[in-house]
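Here is a short report for a reader meeting this structure for the first time. Please look at the sequence and the 3D view before reading on.

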Amino acid sequence: MGNQSPTRLHVVTGKGGTGKTTAAAALALHLASGGQRVLLIEVEGRQGIAQLFDVPQLPYEERKVALARGGGDVYALAIDPEDALYEYLDLYYRLGRAGKALRKVGVVEFATTVAPGVRDVLLTGKAYEATRRRHGQQYVYDAVVVDAPPTGRIGRFLNVNAEVAGLAKMGPIRRQADSIMGLLRSPRTAVHLVTLLEEMPVQETADAVDELRRLDIPVGAIVVNQTRHPALSHEQLQDAQQGRLDGGEVAAGLKAAGLSGHSGLLDALLREARAHAERVELETAQRALVQALDQPVVELPWLVDGVDLAGLYELSDRLGQAETEVPW
Amino acid sequence: MTDPTLDVDALLHDPGTTIIVCCGAGGVGKTTTAASLGVRAAQRGRRACVLTIDPARRLAQSLGLEELDNTPRPIDSVGRDGGALFAMMLDMKRTFDEIVQQHGDPARAAQILENPLYQSLSSSFAGTQEYMAMEKLGQLHREAIETGEWDLVIVDTPPSRSALDFLDAPDRLGSFLDGRFVRILLAPAKAGGKAYMKVFGGAFTLVTSSLNKVLGAQLLNDLQTLVAGLDSVFGGFRERAERTYALLQDPGTAFLVVAAPEPDALREASFFVERLQQDAMPLAGLVLNRVHTTEAADVSGARAEGAAEELDELDEHALTSALLRLHADTMRVRDRERHVLTRFTGAHPDVAVVSAPALPGDVHDVHGLEQMGAALAGSVAVLD
C-alpha cells in the first residue's frame, strides 16, 4: 500500500462535523494495512484520535494505537506546541540552558499562545520532521496522516511557512520555512477534503480546492462521508416528493404487517418518505458539484449506529477498495 | 428524565438581554443559530445586530453581507414592531488597522501598517481573529449604548481550535504585556542592554542571543520594531478587552452552547459548559441542532424492521416494507441521539435545552431563518 504512490504526507481536512478525524483515522488504518508503519497526527488538542481508537489520552509521544489488517501499525501523536518548540530548539540549536531562560522570561508562552501564527509554524514543522525522519536508509514512517484544521482555516495553516519565508529574508528560520513549503508543494503531499453531500460543506470544499490550487499545494481526494443508498426506487422517490405515494397500498401493507392499530403511522411514514426524497434529491445535486471539482472522489457509507472501532475498519476497507480511483 | 427547556422568546424579549454569544464546535450551526435568533428578535421589536465571524457564503448573501466593510448593515424588511436587523461580518485586518489608526499619530500608524510582520499578523496568522472578535464585540456594545441604533448584539464565536479561545484573549495579552519578554523586546538595542542586565541578570543576554540565533537579526529587529510601535496601542486594546470580558460576565449577556446530537459535538459542549461555569459566564442553555424527529415514535426501530421482514417474506407490499425500513433507520438515529443527549443532561442536569429539527436541506434565506427561530422558540423537550 502506498508504495506505488509518491504521497508520504496526507493532510485531511473538512468542514466541522463532516467526519474529518474519522476519515483521517480510517486512511491511516488503510495505509498501514499489509505491514506498513503509519503515523497519525492530531494538531488541535481535541484528543479525537484517542476517543476514536478507544485508548487513553495521547501524550506528546508517538504511540501505537491500532493494528492494521494484514499486519502494520498505526502510531498516533497529539502535538503539543510547547513541547514541539522545545524539541525544535534542541534539535536545531542545542540551546540547553537558554531554553529554560526563554521559558522563564515568557518567550515560550508568547510563541505558543500569545503570538498568532507561531503555533501553526510549530505544528507544520513537526509534521514535516516526522515525514522526513529516517532510521539509516529507511523512512521511520511509510506515511504520515495529519488530522488538520477545518477547511475554513486549511489554507492559512498550510501556507503559514510561506508567510514566514516572506518575513525572514535569510537565516535558519527561512531555510526551515522553505524546506517545509518544498514538501507541502511537492507530489509527496496530498490534501484530502472530507465533505457531506450538503450545501455548506460542498461549498466550503470547493472554496478550499480553489484556495489550495492557488497556493500550489496538491489536492488529493474528495472523501464524501455518510452517503446513503436511496431506500426507494426512482419513481417512488418522485412520487414521495410530490405527495403521490399510494397511501391505500401502504395502509394495506401496514395491515398485513399487523401495524394497522397505530394511528398516525401511515401519515408519519409518508412524511418520512417525503423528507428522504428531498434529501436524496439534494444529495444528487451536491454529488454533481463534487464531481465537477475534477478530483478523485471516494464515498464512505453512512454508519447507522455511529462510528465505533469496527466501523472504522469498515471505512478503511472502503478506502482500500477505492484504490483504483484514488492512488493513496 | 425531562431536561429543563429554555424559553428563547423570553430571553429575546427581555430588554435586559444585550449580548447573546453562540459558541460550539465547528459545523454545528452556530452562525445559523445566531442569525435565526437575530431574525426572531427583530420581528419581535428588538433592534438586533448579528456579528458573524466566518459565515457560509449563501447565508451571508441572504443577510446581504456580500462585501466585507466591517460595519453593520441594516437588513431591510425583517424588523417588525419597531424592531430591526443589522448584520456584519468581522474583517480582522480592518479591525486591527482601525485600532492602530485610532491610537498614536498618523506617521507612527503608517509605519506600523507598513511593517511586513504586522501585515502577516493582521491578515494571515491564525489567532488574530480571537483578539479582534473581542475588540469588535466591545465596539458594537458601546455603539449600542451611544447611538441606540441596536440594543442587542448576537455573536457567533471564531472557528478556532477551541471555540472559547477568545475568552482567553485579554489574559494572554495581559500576561505578555506584564511579562519580562516584552521589556526585553522593548530594550533599546543601542543601550547594549546594560541597564537591563541589572534587572534581568544574565538571562537578558542569554535570551537576546538565543533569539538572535533562532530568529536571525532581521526578523528579531522587525519584531522589536513592531512591538515598540504597537506599545501605545496594546494598553488601550487590553483595557477594552478586559472590559468586554467583564461585560460577558454581566447578567445582560447570555451564552448559548450550540451542538449537534453527536458524541463529539456534545463532548465539546460539555467542555464549553464547564469552562463558562468556571469563568462565571452566564450560560442560558444548550441549543441542540439538527435533531431527528418522527411522528411515529411509538413504533420502535426493531418493530418496524421486523414488520418489514414479515412483508418481505410474504413477498408483498414492497413499498410499505421500504417505508418501514426507512422508519427503522430514523428511529435508530433518534435513539442514538437521545442516548448521547441523556449522557449530556446527566452530567449537566441544570442546563436548559432547546432543539431544532434536522431539515433535508440547509438554511440559507430569511424565511428558513424564521422557521428555525420559530422551532427554537416552540421547542419541546427532546427527552420526555
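## The model

This is a predicted model: local features need pLDDT of at least 70, side-chain atom pairs count only at pLDDT 80 or more, and totals for chains, interfaces and linings use all residues. Residues are numbered from 1 along each chain as its sequence is written, chains are lettered from A and ligands numbered from 1 in the order in which they are written, and side-chain values use heavy atoms, leaving out hydrogens and water.

## Two domains in chain A

Chain A is assigned domain 1 (9-80 + 117-228 + 302-323) and domain 2 (231-293); such bounds come from an automatic or database domain assignment. Their C-alpha centres lie 38 Å apart. The contact (heavy atoms within 4.5 Å) takes 13 residues from domain 1 of chain A and eight residues from domain 2 of chain A.

The two domains of chain A bury about 990 Å² between them, 63% of it on carbon and sulfur atoms. Buried area is the accessible area (1.4 Å probe) that two parts lose on being put together, summed over both. On the domain 1 side, A:L197, A:V202 and A:R228 lose the most area, together 52% of what that side buries.

One salt bridge is counted between these domains. The term means a side-chain nitrogen of Lys or Arg within 4 Å of a carboxyl oxygen of Asp or Glu. A:R279 forms a salt bridge with A:E198, with the closest N and O atoms 3.2 Å apart.

## A sheet in chain B

Chain B has an open sheet of eight strands with mixed pairing, in the order 3-4-2-5-1-6-7-8. Strands (E, at least two residues) and helices (H or I, at least four) are DSSP runs, numbered from the N terminus. Two strands pair if DSSP finds at least two bridges between them.

Strand 1 (residues 19-24) and strand 5 (residues 152-156) of chain B run parallel, joined by four bridges. B:I19 has B:V153 as its bridge partner in strand 5 of chain B.

## Where the chains meet

Which chain gives 66 residues to the contact, and which gives 73? Chain B gives 66 and chain A gives 73. Together they bury about 6400 Å², 61% of it on carbon and sulfur atoms.

Two salt bridges are found across this interface. A:R271 and B:E295 meet in a salt bridge through their side chains (2.7 Å, N to O). Helix 15 (residues 318-347) of chain B supplies the largest share of the chain B side that touches chain A, 12 residues.
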